[in-house]
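Subject: Structure handover

Hello,

Here is the structure you were going to look at. My notes follow below it; please read them with the model open.

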Amino acid sequence: MKSYRKELWFNIPSRRAFINITPQVEECLNDSRIKEGLVLVNAMHITASVFINDDEGGLHHDFDVWLEKLAPHAPVSQYRHNAGEDNADAHLKRQIMGRECVVAITDGHMDLGPWEQIFYGEFDGNRRKRVLVKVIGE
Amino acid sequence: MKSYRKELWFNIPSRRAFINITPQVEECLNDSRIKEGLVLVNAMHITASVFINDDEGGLHHDFDVWLEKLAPHAPVSQYRHNAGEDNADAHLKRQIMGRECVVAITDGHMDLGPWEQIFYGEFDGNRRKRVLVKVIGE
Amino acid sequence: MKSYRKELWFNIPSRRAFINITPQVEECLNDSRIKEGLVLVNAMHITASVFINDDEGGLHHDFDVWLEKLAPHAPVSQYRHNAGEDNADAHLKRQIMGRECVVAITDGHMDLGPWEQIFYGEFDGNRRKRVLVKVIGE
């Protein structure tokens, strides 16, 4: 069994954003030379997500509006976590969008459906944060 | 390390449905002859889910009503994604229910709790769609 | 490829709670002697979650209030599942918080970000329930 590990770093210049990281993960897979196995891609921070959905700007806008409705940022005083912090909503939003995805590796490539793309979801940006890519297989 | 891959195909004759796919995944596991490892089961489409919960009709009705409340289909014009499409709500619903599950394999069987069953969750049906089953182990 | 399996048992003396199980999972990892691979940690019950977030009491209170708003327990008659049962809300809450997490193993340790902690989320307690820890790797 072979394994491979890489951190992808981000510094998003806004509170929230969705970034397509599929090319970076595919590059990790090439570096790993693993042909059959699994790749785990996870946010290393608890106010961010890694998820798979559509690379379509309208949908990303819809996600943002929807998450704000389900877990509003303001008023920040509605959350006990916000004692000296203001990111409780980011911890909640990340639960809906998820921490991680696991993708099959087949013939040296990610075994994705026709529209599946991997995203980094930032809910408390303006700082350096990381995603972990771990590949295991042969 | 051994690996195994199979696609399960569905053509659900309605917009939404929950289908118990536990027997098909168990069959994949038998075919794979893998005794210890992990099985990844994921929707290959971004308006569908694979998740684990209870095989109980009342609960599936409750899921449907609940998801419609959290991410309503209509009016379709409330979503920017719905320019020529009407399935933005399906992209949102799938985030709550999840894309994938990873199940342990022990002694050649899925290592599930007493009531755990694997479901395909369709949120934009009336077309052919796929689930990927990938097994790795020994 | 090596594998390791352990069940963690809980009997939470309340309907809902969040329990930090990171030390128990790390202990499993030590027992497994696996240095590179993946660890799957999943609830074996469909009214409970395993998830990764912050070990902060204020946030756990916020999670509880938020989940109750998105998927209220009462009135229990609002759910068809509640025919002789009263835990439909627990099945819903668990979908938002998730069934499982998969964590990378690097150099014999869980490869977690600075604030990542693993939690057992109970939504229908007052009974004995289990979490599965499955490790694969080398």
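In chain C, 3 strands make an open sheet in the order E2-E7-E4, with antiparallel pairing. Strand E2 (17-20) and strand E4 (48-53) of chain C are at the edges with a single partner strand each, so one side of each has no neighbour in the sheet. Averaged over the sheet and ignoring direction, neighbouring strands are turned by 30° against each other. Helix H3 (residues 88-97) of chain C packs on this sheet and touches E2 and E4 of chain C, its direction making about 25° with that of E4(C). E2(C) and strand E7 (residues 117-122) of chain C run antiparallel and are joined by 4 bridges. C:Ala17 has C:Glu122 as its bridge partner in E7(C).

Some conventions before the rest. This is a predicted model, in which local features need pLDDT of at least 70 and side-chain atom pairs count only at pLDDT 80 or more, while totals for chains, interfaces and linings use all residues. Residues are numbered from 1 along each chain as its sequence is written, chains are lettered from A and ligands numbered from 1 in the order in which they are written, and side-chain values use heavy atoms, with hydrogens and water left out.

Helices (H or I, at least four residues) and strands (E, at least two) are DSSP runs numbered from the N terminus. Two strands pair if DSSP finds at least two bridges between them. Contact means heavy atoms within 4.5 Å. Axes are lines fitted to C-alpha atoms, for helices over the stretch in contact, and angles run from 0 to 180 degrees between N-to-C directions.

The other sheet

Chain C also has an open sheet of 5 strands, in the order E1-E8-E3-E5-E6, and the pairing is antiparallel. Its edge strands are strand E1 (2-11) and strand E6 (109-110) of chain C, each pairing on one side only. Within it, strand E3 (residues 37-43) and strand E8 (residues 128-137) of chain C pair in the antiparallel sense over 7 bridges; C:Val39 stands opposite C:Val135 in E8(C). Helix H1 (residues 22-32) of chain C lies across E1, E3, strand E5 (100-106), E6 and E8 of chain C, and runs at about 150° to E1(C).

Interface of chain B and chain C

Here 34 residues of chain B are in contact with 29 residues of chain C. The buried area is about 2,600 Å², with carbon and sulfur atoms giving 59%; this is the accessible area (1.4 Å probe) that two parts lose on being put together, summed over both. There are 3 salt bridges between chain B and chain C, a salt bridge being a side-chain nitrogen of Lys or Arg within 4 Å of a carboxyl oxygen of Asp or Glu. B:Glu116 and C:Arg99 meet through their side chains in a salt bridge (2.6 Å, N to O).

Interface of chain A and chain B

Chain A and chain B bury about 2,500 Å² between them. B:Lys134 forms a salt bridge with A:Glu36, with the closest N and O atoms 2.7 Å apart.

Regards
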